[in-house]
Amino acid sequence: MDKSWMHSDRRSKAYEFGVEAFLNFAVENLLTTTHIRCPCVKCVNLKLFEVGIIRDHVYFNGIDQSYKNWTFHGEPWEATTNASRNVEEDDGHSRYSFVSEEIDMDDNDFGDFGSDPYEFANVIGDGDQPVYPGCRKYTKLSALVKLYNLKAKHGMSDVCFTELLILQGDLLPEGNTIPTSMYEAKKTLCALGLSYEKMHACPNDCILYRKEYEDSTNCPTCGISRWKEGKDSILKEGVPAKVVWYFPPIPRFKRMFQSHETAKSLTWHAARKSIDG
């Protein structure tokens, strides 16, 4: 499908026809007119609206020009040449361990993006790509991690961060790899995270509010309230008194098996341990 209209003037006929073709394409593939992700530069496919609102957003805000593969609107994912690339390790430590040390992401930032561990291998390819030709200090990935950490630390809005990325790209030499939008940055960083679940718990560690206790407001064992008590001794309904984090192990095992070296260590007892009776 022709996508050249995305770079056209929003007042032109080419842009108008392109918007309508895009919306028709989305409706035909998603079979809905009310729950479609909005690709404008402010929503960056993070919010769902009906067709009419999306049309207004795309006209008023403009479409995110980095959204080249319309995967959220029915277009199949593009195959990547490095999909099977393995994450090698040096001296038992990942070359990209800086990621976990530097990045500070909110759990709602990436939705379900990070649920596929195989995406991690694709993103790591950016770790070897300099942020601009000749740069030795930063790669695309390390620079993006630093910038995103600033966003989280100082509470930047998505719009502010997008404008910062655009400015940064203009300041750096030609051929730089800095993303031009929040959507593109999130798409790069999404595979670095792994999912976790937050569960309400009894302050005295009696139970977790799940399964048969999911709708309970008081602990069946000790009777204490599920909700947090404010300074005025009034319960804040909806605000849990205690939250525990659950880290599902299977996605983490899949991530570890992406490295040949780590996979050898994980399977040592089954594959290499001597059996002497």
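Hi everyone, this is a short tour of one protein chain, from its overall make-up down to a few single residues.

A word on the source: this is a predicted model, where local features need pLDDT of at least 70 and side-chain atom pairs count only at pLDDT 80 or more, while totals for chains, interfaces and linings use all residues. Residues are numbered from 1 along each chain as its sequence is written, and side-chain values use heavy atoms, with hydrogens and water left out.

Let's start with the overall picture. The chain has 10 helices and eight strands; these are DSSP runs, numbered from the N terminus, with helices being H or I over at least four residues and strands being E over at least two. Of the 277 residues, 35% are buried. Here, buried means under 20% relative accessible area, exposed means over 50%, and partly exposed is in between, using a 1.4 Å probe and protein chains only. Among contacts with a separation of 6 or more, 55% are between residues 24 or more positions apart, a contact being heavy atoms within 4.5 Å.

Now to helix 1 and helix 2. Their axes come within 11 Å and cross at roughly 145°. Those axes are lines fitted to C-alpha atoms, for helices over the stretch in contact, and the angles run from 0 to 180 degrees between N-to-C directions. The crossing is right-handed, which is to say that the near helix is turned clockwise from the far one by less than a right angle. On the helix 1 side, the contact is made by Tyr15, Glu16, Val19, Glu20, Leu23 and Val27. Helix 2 brings Val51, Ile54, Arg55, Val58 and Tyr59.

Since arginine 55 lies in helix 2 and glutamate 20 in helix 1, the pair ties together parts that are 35 residues apart in sequence. By salt bridge I mean a side-chain nitrogen of Lys or Arg within 4 Å of a carboxyl oxygen of Asp or Glu. Arginine 55 is partly exposed at 26% relative accessibility, and glutamate 20 is partly exposed at 27%.

How many salt bridges are there in the whole structure? A search finds six. Another of them joins lysine 3 and glutamate 75, at 2.8 Å from N to O. Lysine 3 sits in the segment before helix 1 (13-30) and glutamate 75 in the loop between helix 2 (51-60) and strand 3 (89-90), so this pair ties together parts 72 residues apart in sequence. Both lysine 3 and glutamate 75 are buried.

In general, an α-helix has 3.6 residues a turn, so residues three or four places apart point the same way. Lysine 13 is exposed at 54%, while glutamate 16 is partly exposed at 32%.

In the loop between helix 6 (158-171) and helix 7 (182-189) we find threonine 177, which counts as buried at 15% relative accessibility. Its side chain reaches the backbone oxygen of proline 130 at 3.3 Å.

Next, arginine 226, in the loop between strand 5 (197-200) and strand 6. Is arginine 226 buried or exposed? Buried, with a relative accessible area of 9%. Leaving out residues up to four places away in sequence, arginine 226 touches several others, including His200, Tyr209, Glu214 and Val239. Its side chain also reaches the backbone oxygen of serine 216 at 2.8 Å. Cysteine 202 is 24 residues away in sequence, and its C-alpha is 6.3 Å from that of arginine 226.

Last stop: strand 6 (residues 227-229) and strand 7 (residues 235-240), which run antiparallel and are joined by three bridges. Two strands pair if DSSP finds at least two bridges between them. Glutamate 229 stands opposite leucine 235 in strand 7. The two strands form a hairpin with five residues between them, and serine 233 in the turn has a positive phi of about 65°.

Terms used:
Polar contact = N/O pair within 3.5 Å; in protein donor to acceptor, adjacent residues only side chain to side chain.
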